[in-house]
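Here is a friendly walk through one model, a few spots at a time. Have a look at it first, then read on.

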There are 4 protein chains.
Amino acid sequence: MIRAGIVGGTGYTGVELLRILALHPEVDIAVVTSRSDAGKDVEEIYPNLRGVLAARFVEPTPEAFRGCDVVFFATPNGTAMRWAPALLARGIRVIDLAADFRLQDPALWERWYGEPHACPELLPEAVYGLPEAHRAVIRGARLVACPGCYPTAVQLGLLPLLEAGVVWAEPLVADVKSGVSGAGRKAEVSLLMAETGDSVKAYAASGHRHWPEIRAGLERAAGQPVDLVFVPHLLPMIRGIHATLYAQLKDPTVDVQALLERRYRDEPFVDVLPAGSHPDTRNVRGGNRCQIAVHRPQGGATVVVLAVIDNLGKGAAGQAVQNMNLMFDLPETTGLTAAGLYP
Amino acid sequence: MIRAGIVGGTGYTGVELLRILALHPEVDIAVVTSRSDAGKDVEEIYPNLRGVLAARFVEPTPEAFRGCDVVFFATPNGTAMRWAPALLARGIRVIDLAADFRLQDPALWERWYGEPHACPELLPEAVYGLPEAHRAVIRGARLVACPGCYPTAVQLGLLPLLEAGVVWAEPLVADVKSGVSGAGRKAEVSLLMAETGDSVKAYAASGHRHWPEIRAGLERAAGQPVDLVFVPHLLPMIRGIHATLYAQLKDPTVDVQALLERRYRDEPFVDVLPAGSHPDTRNVRGGNRCQIAVHRPQGGATVVVLAVIDNLGKGAAGQAVQNMNLMFDLPETTGLTAAGLYP
Amino acid sequence: MIRAGIVGGTGYTGVELLRILALHPEVDIAVVTSRSDAGKDVEEIYPNLRGVLAARFVEPTPEAFRGCDVVFFATPNGTAMRWAPALLARGIRVIDLAADFRLQDPALWERWYGEPHACPELLPEAVYGLPEAHRAVIRGARLVACPGCYPTAVQLGLLPLLEAGVVWAEPLVADVKSGVSGAGRKAEVSLLMAETGDSVKAYAASGHRHWPEIRAGLERAAGQPVDLVFVPHLLPMIRGIHATLYAQLKDPTVDVQALLERRYRDEPFVDVLPAGSHPDTRNVRGGNRCQIAVHRPQGGATVVVLAVIDNLGKGAAGQAVQNMNLMFDLPETTGLTAAGLYP
Amino acid sequence: MIRAGIVGGTGYTGVELLRILALHPEVDIAVVTSRSDAGKDVEEIYPNLRGVLAARFVEPTPEAFRGCDVVFFATPNGTAMRWAPALLARGIRVIDLAADFRLQDPALWERWYGEPHACPELLPEAVYGLPEAHRAVIRGARLVACPGCYPTAVQLGLLPLLEAGVVWAEPLVADVKSGVSGAGRKAEVSLLMAETGDSVKAYAASGHRHWPEIRAGLERAAGQPVDLVFVPHLLPMIRGIHATLYAQLKDPTVDVQALLERRYRDEPFVDVLPAGSHPDTRNVRGGNRCQIAVHRPQGGATVVVLAVIDNLGKGAAGQAVQNMNLMFDLPETTGLTAAGLYP
């Protein structure tokens, strides 16, 4: 059994991680920490886990993780980078669900996240935890940075086209729609149901933190600079991301459907839908799957890729467990077989 | 392995049943029938099951169920009663998720369901599949009638009080709120998102088909006639039932919290929350659990019981599988361990 | 033109009041105050009012209301009672949308609102602003306390029965469902869309501040003590209150439908639906109307009254304007003719 | 007073038209027809209009419109073109809210709407009812084709850029999000709340009927062919359209904010938000306004225009009334002053 610690178990990615790990056959949840809720039972904060997980939040201290094989950070940005060096030094592997190790360049991190990086020396070792692109290096990794929810959907949709070189590197447009849980469990007026229910808005249209992360991933795949425009939108739903991706084909006769099917043929969690499909976010709700469809409006040069994930599943906690499975040589789908909740 | 057939797999209870059974370790889904979608892959109608269940809808014919150990009917009312005699005669057990075998009195059935009962001779044998009240007889049953979603929530909330005789049998008020999936996957204007979103209404306030079923269950528990008022409401949510139940205590000093905790101490799927709690339907969404809390407003004689379930889980497909587990001597929780999806 | 001041214009009742008054043909909005947003344009906080209302929030100071004929308080509880004496002394009439003047007994106020009342000497003069019950005294009033949203719906539903003495005074059950805007524009985790969307819960089942207010109103109508149980519920919708009210008829042969129709025949904002109806909250959304229906489940002794309002309209800002119209001898419906927004 | 007839008053655009016209000070609703609901009171189908509009649906016959000055068609596509010639011949003006007269080319109409056009001879006379682009010709028109909801939002966002020639004509991307009321009041499984609530999907990504209409409008403005990609999405909300529009600037130093402000300075219903804004659909809910913001992600060559409308307001019934006001020389804003309903 893998002994797992979870830091910051009181956010939405934290509770989703607990929900998955509580039923994971190869994991023993050794410790769950929370600064704000230390001393309380997990089920007091998350009654959905009553009868499923008997655990109590403890203060996050170095001793708390004694005996752990791996520690997950489901924390705000800027937390994991303060803990990772000590944990790694003690042989404990680290999986960060936040942004601390997603960007390789510490200057870029500082610009977008507003503070100097606390352990730039670890950045070269950190592995970007998108298994569909980096499976081999994840297997041996000590430190994995799980991609953001937006970057997961956008990259899974565009990587095959850029790897194959069938689209131009500019302009790439990612118009992405997210449910409100992506914004976290924060007491903010702008996230109230009375504010976000029955309404839609774009936000951070001039620049969002996930933009440099996505661009870096796409450039790795393309082997060249890309010109990416990324506009996120907040939707009146709870879970789900729908990425609508626009790129220009170099050769309009290429069979993009076949290309995507080939690229993801052996992927357990990426599912290319039949030609003509339009994926619904609900079909992946609660699971670790990404569903993708591709269209060529009016048969023109623009290819439109539609990719959906559960932002808390494949976009966060599910993908973190997928990475853990790889890191610990378990079958990749262990504990992640749940189907989407429909309706 | 239990070989299971599912009739009518294209409604919401059908797809939920498939979702649960596809991952049930002791079940092999032998056949799934659908009149309207015969010949299509299940995943074409329910893309949430892609990669989880490879099956094709077939026409419901007597031959289709050859070799089955059990057949589930996730069909409109009035279907199972036409099939049950032949299936039982061939040694196939039957679990009906509709209303055909819920009422013991065929005249009552005809009055509320608008047609004569097709096999009244089977009614005495049919077992009402509420395990928390009838576990022993379910174990040996050939024919189980799963309770309706409303009756499940209302009975789980009120049975302990009536069994113990601590409340008067009249008046009992059940004010119950349901998500729209309870109305089924029917093309009706009144169920459109534009009609039901952001609005609430009562319906069938003068008389709903679940009323005689609930009353019968309560009278069995009370051992006397009860005067029940039941008003269902349609809410702008997808899954979930919240029953708010009002009864008059004979003796206001009785400790109802303790009574409920004692009654459900050993129940795997009924969870009495700590005193002062208010259950959310979301905490049981996607699972087979019922969460219950109890209040005494202003310390008066009226006791208020709050009970929540997922109408498609404990209120339908989950309970059907719980019954199957009992009928086939499996551990009762097999395949039903999922936690509620939160948020 | 009536010169109106609005205190606390940044909550949901405040913006609804501004939306109504901006188009009211007899009102000039003289001043809008907000402690938190002083100096900002109203349209910056409420872009729905762009092009409709050009005003700037100012600090609430005594001078700010110079020249006003009336001041509305759309503030938290405990604010209006600190301002009212000085305003009244200067001849400015006061309409409070909060709770400060709803209860006649200062001890009761202190018990439920947690602080001593600041001007108990004004309580005898304060008029309870439910026009359908107190129209005559509202006309001459200087100080009007607008009823709470729950109390408005419950009283409009039950008053006719109690006034006519056709139901017993106990037990009365008010099971009431509210949209989230009723909880106000507060940064609280429990009001996030990710928490309240697609879920329902009861709250304050053991005792809610609106209980003593409702009870007092019902007792005035009944002329005797009543035993009221009131359980509020939070629903995944934005606006709307649906009260489901249960009472025991003394004589089951009484024609309650006719009684209600007669009682409200001349009321411009209370609409008794045809027999057999079930009101939807959406049909009164954005307006000042209350729609009511009545049922007798199974023809028994329990009468069920269904009453819907918009909690921000007839439950708050609309009713406040209705009171103002009465106080200033305007036709009662002036500025309040909007139909419900459907769908 | 203008005597108005409404054909097809039982869809969502029909009821919204009734809601607006019932309170329009210069309109008398002379007749409302409905094939399916003839003989019923309007308030029976639309209880939100109780007390606001006393009218009865009648069969649509030629005699029904006797004495009308104008007839609105809130009907399915292919209806108005069968009625328009006879009405115009009798001097009755026609405003079509459907697609019959939106495309100038009858062959194009036939290709996208699946049947030959019934009166191609009227197409040259039909005026495209987007006042912000065609106000002058609308004033004198006998026959006005109201733009579709998507085309309204997309054109209002892109026209200024194309008229000014500051963006390239290709590729233009219109990623548009719509509430479910845009799909109409049709009994379809795909529009059920259980299907569309808490989920998002694109649809008709390979080609939607509004595409040729939008393209034609943009080409008129650009004076040259444009390459438009248009992908509509169905969102879990009731009303609202959010268009996210991507174009490539010829000269990245152009001040697009100033250009938009200048273009719409005198428009009563198009509101350019301050730089940096992100419009919410809720802020225009229930009104006839369009709110627009503009962004330049990362200061690059791609300009992103965000435009929101209420699909039933400015996208349908509101715009139809705006056109009527122009056709009958009334102030353009008559009857259309309502502010958006917030929250």
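This is a predicted model: local features need pLDDT of at least 70, side-chain atom pairs count only at pLDDT 80 or more; totals for chains, interfaces and linings use all residues.

## Ground rules

Helices (H or I, at least four residues) and strands (E, at least two) are DSSP runs, numbered from the N terminus.

Residues are numbered from 1 along each chain as its sequence is written, chains are lettered from A and ligands numbered from 1 in the order in which they are written, and side-chain values use heavy atoms, leaving out hydrogens and water.

## Around Tyr113 in chain C

Is Tyr113(C) buried or exposed? Tyr113(C) is buried, with a relative accessible area of 10%. Buried here means under 20% relative accessible area, exposed means over 50%, and partly exposed is in between (1.4 Å probe, protein chains only).

Leaving aside neighbours within four places in sequence, Tyr113(C) is in contact (heavy atoms within 4.5 Å) with Asn77(C), Ala99(C), Leu103(C), Arg209(C) and His210(C). Take Ala99(C): 14 residues separate it from Tyr113(C) along the chain, and the two C-alpha atoms are 8.8 Å apart.

## Helix α6 of chain D and its partners

Now over to chain D, where helix α6 (residues 149-163) meets helix α8 (residues 210-222): their axes come within 9 Å and cross at roughly 20°. Axes are lines fitted to C-alpha atoms, for helices over the stretch in contact, and angles run from 0 to 180 degrees between N-to-C directions. So α6(D) and α8(D) are roughly parallel to each other; angles under 35 degrees count as roughly parallel, over 145 as roughly antiparallel, 65 to 115 as roughly perpendicular and the rest as oblique. Among the residues making this contact are Val154(D), Leu158(D) and Leu162(D) from α6(D), along with Ile214(D), Gly217(D) and Leu218(D) from α8(D). The contact residues divide into 11 nonpolar, three polar and two charged. For that tally, Ala, Val, Leu, Ile, Met, Phe, Trp, Tyr, Cys and Pro count as nonpolar, Asp, Glu, Lys and Arg as charged, and the others, Gly among them, as polar.

α6(D) also packs with helix α9 (residues 256-263) of chain D, at an angle of about 105° and with the axes 10 Å apart. That makes α6(D) roughly perpendicular to α9(D). Gly157(D), Pro160(D), Leu161(D) and Glu163(D) of α6(D) touch Val256(D), Leu259(D), Leu260(D) and Arg263(D) of α9(D). This contact has five nonpolar residues, one polar and two charged.

## A seven-stranded sheet in chain D

Which order do the strands take in the open sheet of seven? In chain D it runs β3-β2-β1-β4-β5-β7-β6, with parallel pairing. Two strands pair if DSSP finds at least two bridges between them. The edges belong to β3 (57-58) and β6 (127-128) of chain D, each with a single partner strand, so one side of each has no neighbour in the sheet.

β6(D) pairs with strand β7 (residues 143-145) of chain D in the parallel sense, over two bridges, and Val127(D) stands opposite Val144(D) there. Helix α3 (residues 80-89) of chain D packs on the sheet, touching β4 (70-73), β5 (93-96) and β7 of chain D, and its direction makes about 165° with that of β5(D).

## Strand β14 of chain D

Strand β14 (residues 302-309) of chain D is mostly covered, with eight of its eight residues buried. Thr302(D), Val304(D), Leu306(D) and Val308(D) point one way, while Val303(D), Val305(D), Ala307(D) and Ile309(D) point the other way.

β14(D) runs antiparallel to strand β11 (residues 241-248) of chain D, joined by eight bridges, with Ala247(D) opposite Val303(D). Five bridges join β14(D) to strand β13 (residues 290-295) of chain D, also antiparallel, and His295(D) faces Val304(D). β13(D) and β14(D) form a hairpin with six residues between them, where Gln298(D) in the turn has a positive phi of about 50°.

Most residues other than glycine have a negative phi, and most peptide bonds are trans. Gln298(A) has a positive phi near 55° and is partly exposed, with a relative accessible area of 33%.

In chain B, a cis peptide bond joins Glu170(B) and Pro171(B), with omega about -10°. Another cis bond joins Tyr342(B) and Pro343(B), with omega about 0°.
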